[in-house]
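Notebook open, model loaded. I want to look up a few side chains and a couple of helix pairs, and jot down what turns up.

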Amino acid sequence: MSANRAYGIGEVSDIVGVSTRTLRYYEEAGLLVPARTANGYRRYTPADLDRLQEILLLRHMGMSVAEIPSALSATEEERRRTLARHLGTLRAERERLDTLIRTVERTIEHIEKGVPMDDKTKFEGMKRELVEQNERKHGTEVRERWGDTAADEANRKMLKLSEGEFERFQELGRTINESLEAAVNANADPTGDEGERIYRLHREWLGFTWNFYTPEAHKGLAEMYVADERFTAYYDGNVAGCAAWLRNAIAAHAR
């Protein structure tokens, strides 16, 4: 790419792989405003393409168009740190996907050709799939509240669980849900003994993915259970009120 060359909007669309409509939208938003020729044609310089690349990276990170101007005006070191965090997230995502792809391929071979699939491979695939499901359902909210580093560390800790630890993690999840449903049906007091027991089960369950624990963080997570309808739907799937009951129990006993 010549440092002195300028490109038309169609050429930029072909080079970068975004539509001309998107380029016009970024121009209307003030993110990328190319120079114009005397007859009104847009001319994008190599510097414009560098800026466009950074805009697209920020969009891929989930940043809204309204948030991008402040990110672009950050210092070079701040921008470097932001991109470095995103690079770490992408590498972790690639690792998760590579392992999941291998597991699916082996599963297909097992079904179609009877190729043996050992228990360890099945187990690793289960952990990867659980991490992927959590990312799809709750990744955005978790990362916004606690940051990419905490979310990535939680995923890595999950993937390092032994088979026995993973079984305990799943068992705790089932026990918590069953206990919550029984408590709500019995109109139990979340500030009482049963509330404390379920709080302790939930704290143990968190320990399989959290590298830290504070009562404030636990209470903050519990608030998400009632503030976000997707979290609420998980706990209230069979009995309405379980998410709120759990939030109240954690609020009463986390200290």
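This is a predicted model: local features need pLDDT of at least 70, side-chain atom pairs count only at pLDDT 80 or more; totals for chains, interfaces and linings use all residues.

Entry 1. I started with the side chains of His-202 and His-218, which are joined by a polar contact of 2.9 Å. I placed His-202 in helix 8, which runs over residues 193–206. Is His-202 buried or exposed? I found it buried, because its relative accessibility is 0% and the cut-off for buried is under 20%.

Then I listed what His-202 touches, skipping residues up to four places away in sequence: Ile-176, His-218, Leu-221, Tyr-225, Tyr-235, Leu-246 and Ile-250. I also checked His-202 against Cys-242: they sit 40 residues apart in sequence, and their C-alpha atoms are 13 Å apart in space.

Entry 2. Next I looked at how helix 8 packs on helix 7, residues 163–185. Their axes are 9 Å apart and the angle is about 155 degrees. That angle is over 145, so I put the two helices down as roughly antiparallel. The crossing of helix 7 past helix 8 is left-handed.

Which residues make the contact? From helix 7 I noted Arg-168, Phe-169, Leu-172, Gly-173, Thr-175, Ile-176, Ser-179, Leu-180 and Ala-183. Helix 8 brings Glu-194, Arg-197, Ile-198, Leu-201, His-202, Glu-204 and Trp-205. Sorted by class, the residues of this contact come out as eight nonpolar, four polar and four charged. His-202 from my first entry is on this list, and Ile-176 of helix 7 is among the residues it touches.

Entry 3. I moved on to Glu-27, which lies in helix 2, residues 20–28. Glu-27 has a relative accessible area of 15%, and the cut-off is under 20%, so I logged it as buried. What does its side chain make a polar contact with? I found the side chain of Arg-42, at 2.6 Å. Leaving out residues up to four places away in sequence, Glu-27 touches Leu-32, Val-33, Pro-34, Arg-36, Arg-42 and Tyr-44.

Entry 4. Last, I checked helix 2 against helix 1, residues 9–16. Their axes come within 9 Å and cross at roughly 110 degrees. That falls in the 65 to 115 range, so the pair goes down as roughly perpendicular. Helix 1 passes helix 2 in a right-handed crossing. The contact uses Ile-9, Gly-10, Val-12 and Ser-13 from helix 1, with Thr-20, Leu-23 and Arg-24 from helix 2. By class I wrote down three nonpolar, three polar and one charged.

How values were computed:
Residues are numbered from 1 along each chain as its sequence is written. Side-chain values use heavy atoms; hydrogens and water are left out. Axes are lines fitted to C-alpha atoms, for helices over the stretch in contact, and angles run from 0 to 180 degrees between N-to-C directions. Helices (H or I, at least four residues) and strands (E, at least two) are DSSP runs, numbered from the N terminus. Angles under 35 degrees count as roughly parallel, over 145 as roughly antiparallel, 65 to 115 as roughly perpendicular and the rest as oblique. A crossing is left-handed if the near helix is turned anticlockwise from the far one by less than a right angle, and right-handed if clockwise. Contact means heavy atoms within 4.5 Å. Ala, Val, Leu, Ile, Met, Phe, Trp, Tyr, Cys and Pro count as nonpolar, Asp, Glu, Lys and Arg as charged, and the others, Gly among them, as polar. Buried means under 20% relative accessible area, exposed over 50%, partly exposed in between (1.4 Å probe, protein chains only). A polar contact is a pair of N or O atoms within 3.5 Å; within protein, one must be able to donate a hydrogen and the other to accept it, and residues adjacent in sequence count only if both atoms are side-chain atoms.
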